There are 2 protein chains.
Amino acid sequence: MSITVHPVPGIPEVRAGDDVAAQIIAAAQAGPGLEGGDLLVVTQKIVSKAEGRVVSLNDVSPSPAAEKLAAETEKDARLVELILRESRGVVRMGHGVMITETRHGFICANAGVDASNVERTGTVCLLPLDSDASAQRIRERVNAAFGVGCAVIVSDSFGRAWRMGQAEIAVGCAGLAPTEDWRGLPDAHGRTLHATHIAIADEAASAADVVRGKDSREPAVRLRGLERHVLDHDGPGAAALVRAAADDLFA
Amino acid sequence: MSITVHPVPGIPEVRAGDDVAAQIIAAAQAGPGLEGGDLLVVTQKIVSKAEGRVVSLNDVSPSPAAEKLAAETEKDARLVELILRESRGVVRMGHGVMITETRHGFICANAGVDASNVERTGTVCLLPLDSDASAQRIRERVNAAFGVGCAVIVSDSFGRAWRMGQAEIAVGCAGLAPTEDWRGLPDAHGRTLHATHIAIADEAASAADVVRGKDSREPAVRLRGLERHVLDHDGPGAAALVRAAADDLFA
């Protein structure tokens, strides 16, 4: 088995209300094509933009609570207001960063609210409201257009505990088994594996990211060779990758 | 740009004292070959085995402290003793797991001590003493054998905070820029990026892992297409991916 990782070039600048699935399909048809079993990894940024999840900071009125946290964290109070609106709760604060739990249950910096690669200054991009549903919609359209069974990941780059730098992870997925569970199965020596439960969707999102430069416009990447993880239905989505706080010795 | 990810088949079962670099070189020569700019991702397990970092639990006498922790965590006291010896400190305990800081500064379950894919029952595998040095030694040998400039990662699968499943990361690397730092550089819209610092080595280790089954004997994987991250010297190694606790808002 081997895999190939190709950017899907030619996706235009995405704007609110755009049909992002149609844009991806057109680019894939003009470019590397799609076959059954392919995995498309699409950045959260273009999905959010198409879904109108871009906000002008001038349209945001910060609450007193946001003003207070903004002073503590030396952040723009309007940005803090958006972060709070996107969050179930604040996990940690400091160093100009707020780490919160998003509506999806993700723990990340600034609730995923991001000012990079947004066209106009003074605007920021929020995560999709339901990133698994976003992946499902794209998957349905792509599979109808190509007449094949593909999987879709919506990805974003998250900071990690104890490690420098960010790694791309799956914030949404459809048609993909998000983890591969070897617990209870034999290893190469016939010994039962106890702790091997692999976050395939996150690893695949990272594999897609290494082909990209952050200044390049390559928001969609095609991975070929991961058929064994591709499902004939949407599957549990990236929601299955959220570890409940009560189970989480690492957090 | 695109990347291809190929296992290097045919590496035999590695035993203590084996010349693992020679085994990788022979397998690469018989198999997919190596070119300048290629990245070899080698699992920690074969490196540790070759370096004699396999311990029989019967040879371990647990200290009173290990006996006490073993009772609290319902683990084998001899295993706890090894975990403590491999650790600078215990970060968290519970659910039959100890999360510790290793001698390298990694925060991981059981100090990386692992009972899976070890040939004899009753034996466990420890992390290499200096996994960057291990990567450097393999890189030097591989580059001499092929007359090219390759990069080497020594990888292991780590659990993460807040996410289900494990992801493969770099515990050692040589000849690779472990992160790509876009902070201060312009994004696609000419806006300065503030938080984009990508853990290339960890993402590449994950890319290598998705081609592998945990029951397969594919401890080495070749990634082609990442030349822009490959250095003409060893570079800072995976040590550069360890985030100091004082800087770490996520931990």
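Modeller: In this predicted model, the helix pair to begin with is H3(A) and H4(A), where Ala66(A), Glu67(A), Leu69(A), Ala70(A) and Thr73(A) of H3(A) are in contact with Ala77(A), Val80(A), Glu81(A) and Leu84(A) of H4(A). Sorted by class, the residues in this contact are six nonpolar, one polar and two charged. Two packed helices are described by the angle between their axes and the distance between the axes. Here helix H3, residues 64–73 of chain A, and helix H4, residues 77–85 of chain A, pack at an angle of about 115°, and their axes lie 8 Å apart. The crossing by which H3(A) passes H4(A) is right-handed.

From the helices I turn to the backbone of the loops. Most residues other than glycine have a negative phi. Asn110(A), although not a glycine, has a positive phi of about 55°, and this residue belongs to the loop between strand S6 (107–109) and strand S7 (123–125) of chain A. Asn110(A) counts as buried because its relative accessibility is 15%, and the cut-off for that term is under 20%. In chain B, Ala111(B) has a positive phi near 55° and is likewise a residue other than glycine; its place is the loop between strand S6 (107–109) and strand S7 (123–125) of chain B. With a relative accessibility of 1%, Ala111(B) therefore counts as buried.

As for the cysteines, a search of the whole structure, over all chains, finds zero disulfides. Cys125(A) is in no disulfide, and the nearest cysteine sulfur, which belongs to Cys108(A), is 13 Å away, whereas a disulfide would need the two sulfur atoms to be within 2.5 Å. Cys125(A) has 0% relative accessibility and so counts as buried. In chain B, Cys150(B) is also in no disulfide, with the nearest cysteine sulfur, that of Cys173(B), 14 Å away. Cys150(B) counts as buried because its relative accessibility is 1%.

That leaves the relation between the copies.

Note on methods. Residues are numbered from 1 along each chain as its sequence is written. Chains are lettered from A and ligands numbered from 1 in the order in which they are written. This is a predicted model: local features need pLDDT of at least 70, side-chain atom pairs count only at pLDDT 80 or more; totals for chains, interfaces and linings use all residues. Side-chain values use heavy atoms; hydrogens and water are left out. Axes are lines fitted to C-alpha atoms, for helices over the stretch in contact, and angles run from 0 to 180 degrees between N-to-C directions. Helices (H or I, at least four residues) and strands (E, at least two) are DSSP runs, numbered from the N terminus. A crossing is left-handed if the near helix is turned anticlockwise from the far one by less than a right angle, and right-handed if clockwise. Contact means heavy atoms within 4.5 Å. Ala, Val, Leu, Ile, Met, Phe, Trp, Tyr, Cys and Pro count as nonpolar, Asp, Glu, Lys and Arg as charged, and the others, Gly among them, as polar. Buried means under 20% relative accessible area, exposed over 50%, partly exposed in between (1.4 Å probe, protein chains only).
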